Amino acid sequence: MEKVTLNVKGMSCNHCVNSIEGNVGKLNGVSSVKVDLGTGTVLVEFDKEVLTLDKIKETIDDQGYDVQ
């Protein structure tokens, strides 16, 4: 399993948390996703044999957030 911490701009509330955790969590290959509003980060644990980091970033971007 690969663990990555992404800096994400535009998250401000629980709706943001639910949106990102829900949509990224549905991706095949993701074992866990945790949003931290205080630091503006998203910690994702995923199987890099099944899913690419670019797809995770694209999923977050599609929700209207800016992945750094």
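In what order do the strands form the open sheet? The order is 2-3-1-4, with 4 strands and antiparallel pairing. Strands here are DSSP runs of E with at least two residues, helices are runs of H or I with at least four, and both are numbered from the N terminus. Two strands pair if DSSP finds at least two bridges between them. Strand 2 and strand 4 stand at the edges with a single partner strand each, so one side of each has no neighbour in the sheet.

Before moving on, some housekeeping. This is a predicted model, so local features need pLDDT of at least 70 and side-chain atom pairs count only at pLDDT 80 or more, while totals for chains, interfaces and linings use all residues. Residues are numbered from 1 along each chain as its sequence is written, and side-chain values use heavy atoms, with hydrogens and water left out.

**Stop one: the hairpin**

Select strand 2 (30-36) and strand 3 (41-46). These two pair in the antiparallel sense over 6 bridges, and they form a hairpin with 4 residues between them. Click G40 in the turn: its phi is positive, about 70°. Now look at who faces whom. D36 has T41 in strand 3 as its bridge partner, and V30 stands opposite F46 in strand 3.

Stay on T41 for a moment. Is T41 buried or exposed? T41 is buried, with a relative accessible area of 15%; buried means under 20%, exposed over 50%, and partly exposed in between, using a 1.4 Å probe and protein chains only. The side chain of T41 makes a polar contact with the side chain of T39 at 2.7 Å. A polar contact is a pair of N or O atoms within 3.5 Å; within protein, one must be able to donate a hydrogen and the other to accept it, and residues adjacent in sequence count only if both atoms are side-chain atoms. Not counting residues up to four places away in sequence, T41 touches T5, L6, N7, M11, K34, V35 and D36. Contact means heavy atoms within 4.5 Å.

**Stop two: helix 2**

Next, select residues 53-62, which make up helix 2, and show the side chains of I56, T59 and I60, which are buried. Why are they on the same side of helix 2? They cover an arc of only 95° around the axis, which puts them there; the arc is that of the directions from the helix axis to the C-beta atoms.

What covers the buried residues of helix 2? The cover includes strand 1 (2-9), helix 1 (14-25), strand 3 and strand 4 (66-67). Zoom in on T59, which is buried at 10% relative accessibility. Leaving out residues up to four places away in sequence, T59 touches N23, V24 and L27.

**Stop three: the nonpolar core**

In soluble globular proteins, nonpolar side chains tend to be buried together. To see it here, select V8, I20, V24, V42, V44, I56 and I60: of the 20 residues in the largest nonpolar core, these touch the most other members. A nonpolar core is a set of buried Ala, Val, Leu, Ile, Met, Phe, Trp, Tyr and Cys residues joined through side-chain atoms within 4.5 Å. Strand 1, helix 1, strand 2, strand 3 and helix 2 each give two or more residues to this core, and helix 1 gives the most, with 4 residues. Click V24 and, leaving aside neighbours within four places in sequence, you'll see contacts with V30, V33, V44, I56, T59 and I60.

How many disulfides does the structure hold? The count is 0, with a disulfide being a pair of cysteine sulfur atoms within 2.5 Å. Select C13 and check its closest cysteine sulfur: it belongs to C16 and is 3.6 Å away, too far for a bond. C13 is partly exposed at 32% relative accessibility, whereas C16 is buried at 5%.

Finish on G22 in helix 1, which is partly exposed at 32% relative accessibility. Draw a C-alpha to C-alpha distance from G22 to V33: 8.7 Å in space, 11 residues apart in sequence.
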